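Trainee: Please take one part of this model and go through it slowly with me, giving the cut-off behind each term as you use it. I would then like to follow how the surroundings of that part are put together.

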Amino acid sequence: MTRPSPSDVSHGATAFGAMLRSLRRAARLTLEELSQASGVSVRALGDMERGRSRGPQRRTVDALAAALKLDREQSQRLQRLADAGRERGGPAAPPYLLRTVPDFTGREQELTDLEALARGAGERAVVLFGPGGQGKTTLAAQAARRLGELFPDGSVSVRLHGMSDTPLSAAEALVLLLTGLGHPPDRIPVDPVAREAVYRATLSTRRVLVVLDDAADEAQARPLLPDAEGGFVLVTSRRPLTGLEGVRRIRLGALSGRESVTLLERILGTPRTDGQSEAIGRLAELCGHLPLALRIVGNRLSSRPAWTPARLAEQLADEERRLGTLVAGDLAVRGALALSYRQLTAPRRLLLRRLALLPGHHTGARLAAVLTGDDDLIAVQDALDLLVERGLLEETTPGRYALHDLVRLFARERLQAEEPPLSAEAAALGMADWLLRSASAAGRWFEAPGAPEPWQGATPAFAPVSAAEAEEWLITERAHWVGALQLMFEAERYPEILHTARTLYWFSDRWDAWPEWRTVFTYGVRAAAALGDRAAEAHQLNCLAWTYAVRGGAYEQAEEHARRALESATQAGDTGQQGWAWLYIAGAAMYLGRPAEAARAAEDAAGLFGEAGDQAGLAVSRRLLGSALRESGRAEEALAVHRGLLGADAGDVPGFQEFAQAILCHEIARDLLALRRWSDAVEVYRTVIAPATHGGTDRFKARALTGLATALEHCGDPAQARAHLSEAHRLFSSVGDTTAAERTAASLERLAARAVDADPSVVANHAEGPGSQGARITQAPVPS
């Protein structure tokens, strides 16, 4: 017959008795001697030790603790067992481990993995670990219920109170487990080693599931693990317990967006969620998909029938109030995080608090060290890894760490509560200074000779030793150094902002699709204006005009900023910046359907560049002039202009010569398409090599392939045309250019239908409209 195994909540009185007997024997006292020392009758003591009475009152426990000369920790443990027996005594509970919830959602992969392990012959212990609030205990309860048929000898659980100030000792947990497994209290050994041996022997002969909930560390959990056969142990912990041998670890993260919404819908029920999908989705996002936060939100709404999900979402949107709002009865996100925070040492608490100052989401050890002022990178790395183990950080990729949104809010609260405002402000400004100086040092690898020298600061900046290292740092840390601009602007550090923006403008051409450039150059304009530097203001306005042209094709705004740049450059007498302003005006005019005006503006730009001796600007303006001539119906003149630029000096900016020549070849091929010289266009297109040193390579390739397909179709090779169009469609789709992808898809359909009698000029314009990369490259960044 299967023995019903009670859970830890049902044998508190028995466990208290076993603990009392163990302590009495360890003190070498008889029942009579303990009775005399404590004032508790011998009969009452005997009933307690045999589990025949419910847990005694607090004053009785205090008297026993004094008689046994227990320390504070032992007294608290004995009192906890007394409370359990007094509050939860009575008939044994049914053989369920922990309370399951009817609206359990998600975790299907974890449950599948647990079932496979329980059925298999490998590891007999699993550690479910992850940050507080991820639902580890709930998952363990669900797993126990689902796997019950695999354990005919029952189930037993114990709460180890790992996050409390007085975690259950392994010896005490063994008393609870052996009692739950049916061992008579008077047969449980006093010696912890012997007790562990009895426990292991019991597990080896039974198919029992044991759940150890909330383990503190390896020392607490190790004596409670099974041998290679028999019982199966499921451990929950905020830590991965990496020191344990022979266990499988499963990390719990946040729920998916769909799972989060489903959980809220199950908690609230259909009447409360019908027509509320947008608000429910917003609530899930504001909860960071954390199961505890979702449960709190669901419970709060359930208890307030008049509230709508949208109303609660509005409250949670306020970051200052969010953690205070995520409370429902004894459930609180802040409290769950505080448990982990209290167990950190002071330096690690400081690190967690300071991470809330980061402008971006992810960080590495070097930037974290700047925040704390710690020069020992290895020590900082170890501290970050420990925060991961404690569930307060996530290691998103090797060496990169991120705070969950709710943990970030908690860390910010602790920062405001525990550090003087001036200290936090100094740390933030020191970080921002370091980021901008590091960005400036990295940007110099892509500058022409004569670029501005980096400025010095109190904290040594990151100094990359190669262009590759510089580019990797700028890409990886871009959210941080861009975010630092606001901090520096608020501190009126205008020269540093302007210096950084000027240093990075040639690097910006390599990654022209980044939306952050608009922020960079906007702060550059504002810093230059604050300094009263009209020439610098013109330069930054020209850079800003470029961002509007290349990012989303906002050509009206691009022209507006270029004309402002022209005004500032004219007032400053800066011929070079006047040239670039006219060039951006020309580019905008051509894209806005004014090619003749564009040609005149490009000629003005070329004249100014020639006067200023700016070879890069001269090359770009001449190329744009040719494009404007072609769009004006003067393709022969355009071809002559473009061919005249082959091999021309495009300046001494690293990588720009090859970049300019690649775009120039593309423009020549477009000229040949306009002239219907199909075979010549094919020949030129086959020489076009994508500028690998710059961003937007895939988009450039796609446009070149589209033009090549047009030429091949007219040369009587529709099969090759289809192949190139298919690749172009793939590339356009991969970069998110839906308009171009739709155009190529339509061309593919037309070719599939063999509609080869399309008007050639329409085909050419369809393939290479004004929005192509060839003309857009005229919006290249402004050289100093």
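Mentor: Let us begin with Asp-375, which lies in the loop between α19 (365–372) and α20 (377–389); helices here are DSSP runs of H or I with at least four residues, strands are runs of E with at least two, and both are numbered from the N terminus. This is a predicted model, in which local features need pLDDT of at least 70 and side-chain atom pairs count only at pLDDT 80 or more, while totals for chains, interfaces and linings use all residues. Residues are numbered from 1 along each chain as its sequence is written, and side-chain values use heavy atoms, with hydrogens and water left out.

Asp-375 has a relative accessible area of 78% and is therefore exposed, given that exposed means over 50%, buried under 20% and partly exposed in between, with a 1.4 Å probe and protein chains only. The areas come from the Shrake-Rupley method with that 1.4 Å probe, and for residues only the protein chains shown count as cover. Asp-375 belongs to a patch of negative charge on the surface, where it gathers with Asp-374, Asp-376 and Asp-382. Asp and Glu count as negative and Lys and Arg as positive, with His and the chain ends not counted, and the place of a charge is CG of Asp, CD of Glu, NZ of Lys or CZ of Arg.

Elsewhere, Arg-534 and Glu-537 form a salt bridge whose closest N and O atoms are 3.0 Å apart. The two residues stand three apart in helix α27 (residues 534–550), and so are separated by about one helical turn; Arg-534 is partly exposed at 31%, whereas Glu-537 is buried at 9%. In helix α36 (residues 718–734), Arg-730 and Glu-727 are also three residues apart, about one turn of the helix, and their side chains meet in a salt bridge at 2.7 Å, N to O. Here Arg-730 is partly exposed at 45%, and Glu-727 is partly exposed at 30%. Arg-493 and Glu-496 likewise meet through their side chains, at 2.7 Å from N to O, with Arg-493 partly exposed at 21% and Glu-496 buried at 14%.

Turning to the strands, β9 (residues 394–397) and β10 (residues 400–402) pair in the antiparallel sense over three bridges, pairing being called when DSSP finds at least two bridges between two strands. Thr-397 has Arg-400 of β10 as its bridge partner, and the hairpin that β9 and β10 form has two residues between the strands, with Gly-399 in the turn showing a positive phi of about 85°. These strands belong to an open, antiparallel sheet of three in the order β8-β10-β9. Its edge strands are β8 (362–363) and β9, each of which pairs on one side only.

Terms used: A salt bridge is a side-chain nitrogen of Lys or Arg within 4 Å of a carboxyl oxygen of Asp or Glu. Patches are made of residues with over 30% relative accessible area and no salt bridge: like charges are joined within 9 Å, nonpolar side chains (Val, Leu, Ile, Met, Phe, Trp, Tyr) within 5 Å.
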